[in-house]
Amino acid sequence: MDALLIPFRYDYMVTAMWVSAVIGAVCGLLSGFVTLKGWSLLGDALSHAVVPGVALAHWLGLPFAAGAFATGLLAAGAMAFIKLKTPVREDAVIGVVFTSFFAVGLLMISLRPAGVDLKAIVLGNILGIAPADIVQVLVVAVAAALLVGLKWRDLMLFCFDPNQARAIGLPVGRLHVLLLALLSATAVAAMQAVGAVLVAAMLVTPGATAYLLTDRFGRMLGLSSALGAGCAFAGAYASYFLDGATGGCIVTLQALVFLIALVFAPKHGLLATARTRRIAEPTDLPGASLGTDTPTSSLPGGASQARPSN
Amino acid sequence: MTESEPISLEAENVTVTYPSGQTALRDASLRLEGGTICALVGVNGSGKSTLFKALMGFLAPARGTVRVAGRPVREAQKKGWMAYVPQAEEVDWSFPVSVADVVMMGRYGQMNFLRIPRAGDRAAVEESLRRVGMWELRERQIGELSGGQKKRVFVARALAQGGRIILLDEPFTGVDVGTEEAIVALLRELREEGRLVLVSTHNLGSVPEFCDQVVLINRTVLAFGPTDEVFTPENLTRAFGGALRAFEIEHSTVDAHDGRALTVLTDDEHPLVLGRSGHLEYRRRAGREDLVSEREKKAREEQPPAA
Ligand SMILES: Nc1ncnc2c1ncn2[C@@H]1O[C@H](COP(=O)(O)OP(=O)(O)OP(=O)(O)O)[C@@H](O)[C@H]1O
Ligand SMILES: [Mg+2]
């Protein structure tokens, strides 16, 4: 029993676990929007696009979150601009922009390596996180939680039906920018925990898992942030025993939870779908109407009086 | 006081060009007032959805203006006047929201900053769902509905919003007769309440039955006005070209011995029937006796009995 409590005896482990949990919670919260808006690729893109900003911030002696946030937004803006002005498919635009940003970032770091730990950017370094970086993470987390808490219904409508949002006079453009800004900021925070390469997982997997578990958006957001926090905490904890990369532990755990949900989810899981199909089979005759559907076979009025003319 | 001011919708020389360079609509002009059901009729790709989106302010016209009661669309949106029932293909049916959630979205404009529903909002949602007969299914995820039920949910959302201008993009496509009649009955109620209803449809035959005005469109507005003035053979030919199938009784095997006892059957839509001089024929005489006697009189005047 005592052996299981060992990680809690080390300050750096305790810090790593709770900071990871905070990051996991915000990423999970955002992942609800990312998965439903079809922005999974964008999450990945932003996490790579922040790299040149990190390098630049180091050169200029600014907090790295500021630089990362700036290039993240710049990349999002560039993607939106190209998509608007050309018929190139969205996934291709995203691919071109984020790899370019990432490449520039790598180039910048390789040109002036002093002070920038490439490995920490790409793979994360939550065990050695500096107090200043913790503050940055907390600021991002609190701001994101507040904004989503206040505006989640507007953001939901923006994701579900942007036309309706516009029709009732919501500021659709501003909601779009807000969501992008939150994503960029969160991607920066998540880079601390799992590194740029795995940020996308943090921003997608909890949302995808929660989607399998509920049919209500509000509940989905709650679930995905709880899953994000839980997996991040447990992953960081497990990394102590496995002596493996924290990011790898967290994301592997998230993937495992996703797999479990995929199989066992009460309604959308593989087992549940197989079960309902088995139950439905014997009665699933053509013409059998479901639930309260009105039968469509009734003839239009007057048809019964049809008689052949001679 | 703004609620009592009459509502109107006006498009002036609206031209819409998509980013791809495709000009879907050129110099479209129309003017409609409250208390009407107007049909928007045209072939596939004629620009019906495009015109709707321009009227709703979703697409900015390259040229021309849209005004609602003399104001910019943006202002009308803020007041919650503009309600839109999208074409079914435009909706993400796998989104985790219930029927009641979707209808509640119609109320967001009227809610406070946090969009927390109040008793009034809940009552509006319940009333709208009951009016379209979907109250029992309010807890369903929206993807778990039939095509007709899905349509009704979005109609309910427009009702809950209380829009004074309601645009419905093909609400009757893939809908059974019962649902179509229910929606039509609802649109009539909305007209009685003084709202402006604009509905795009491919069911030409049902247009005279419930629409008092028509906008004929093919890349531009070809004609608009009262149904019996717009639905002439010339206008319909201009709008549809060869895309209409006609059964011309004169050239058919139908003969004098049939008298007036013909029965026309179609598989899904009401047929559009035009009389000898190209005027509209309606499905039921009841309620239109005046029209029949007037036409009889006119025919007698025009063709004095042969000597
Ligand atoms: N997003 C778009 N980008 C480019 N062109 C478009 C776009 N949407 C529509 N178009 C083009 O504009 C024209 C009008 O399209 P629209 O959707 O308004 O037609 P519609 O009358 O609603 O047709 P349907 O009866 O099939 O619904 C079509 O030629 C179409 O190809
Ligand atoms: Mg259309």
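Let's start with a helix: H1(B) lies across S1, S2 and strand S4 (63–68) of chain B, running at about 120 degrees to S1(B). Contact here means heavy atoms within 4.5 Å; axes are lines fitted to C-alpha atoms, for helices over the stretch in contact, with angles from 0 to 180 degrees between N-to-C directions. Helices (H or I, at least four residues) and strands (E, at least two) are DSSP runs, numbered from the N terminus.

This is a predicted model, where local features need pLDDT of at least 70 and side-chain atom pairs count only at pLDDT 80 or more, while totals for chains, interfaces and linings use all residues. Residues are numbered from 1 along each chain as its sequence is written, chains are lettered from A and ligands numbered from 1 in the order in which they are written, and side-chain values use heavy atoms, leaving out hydrogens and water.

**The sheet**
- Four strands of chain B make an open, antiparallel sheet, in the order S2-S1-S4-S5.
- At the edges sit S2 (23–33) and S5 (71–72) of chain B, each pairing on one side only.
- Strand S1 (residues 8–17) of chain B is joined to S2(B) by seven bridges; two strands pair if DSSP finds at least two bridges between them.
- Leu9(B) has Leu32(B) as its bridge partner in S2(B).

**The magnesium ion**
- Ser49(B), through OG, and Gln87(B), through OE1, coordinate the magnesium ion (ligand 2) at 2.0 to 2.6 Å.
- This pair links distant parts of the chain, 38 residues apart: Ser49(B) is in helix H1 (residues 48–56), and Gln87(B) is in the loop between strand S6 (82–85) and helix H3 (99–105) of chain B.
- Donors are N, O and S atoms within 2.8 Å of the metal (3.2 Å for Na, K and Ca); water is not among the atoms, so sites may look incomplete.
- Gln87(B) is buried, at 14% relative accessible area (buried is under 20%, exposed over 50%, partly exposed in between, with a 1.4 Å probe and protein chains only).

**Around ligand 1**
- Ligand 1 has 16 residues around it, and the closest include Gly45(B), Lys48(B) and Arg219(B) (near means a heavy atom within 4 Å).

**Positive phi values**
- Most residues other than glycine have a negative phi.
- Asn13(B), in strand S1 of chain B, has a positive phi near 45 degrees.
- Arg219(B) has a positive phi near 70 degrees and is partly exposed at 37%.
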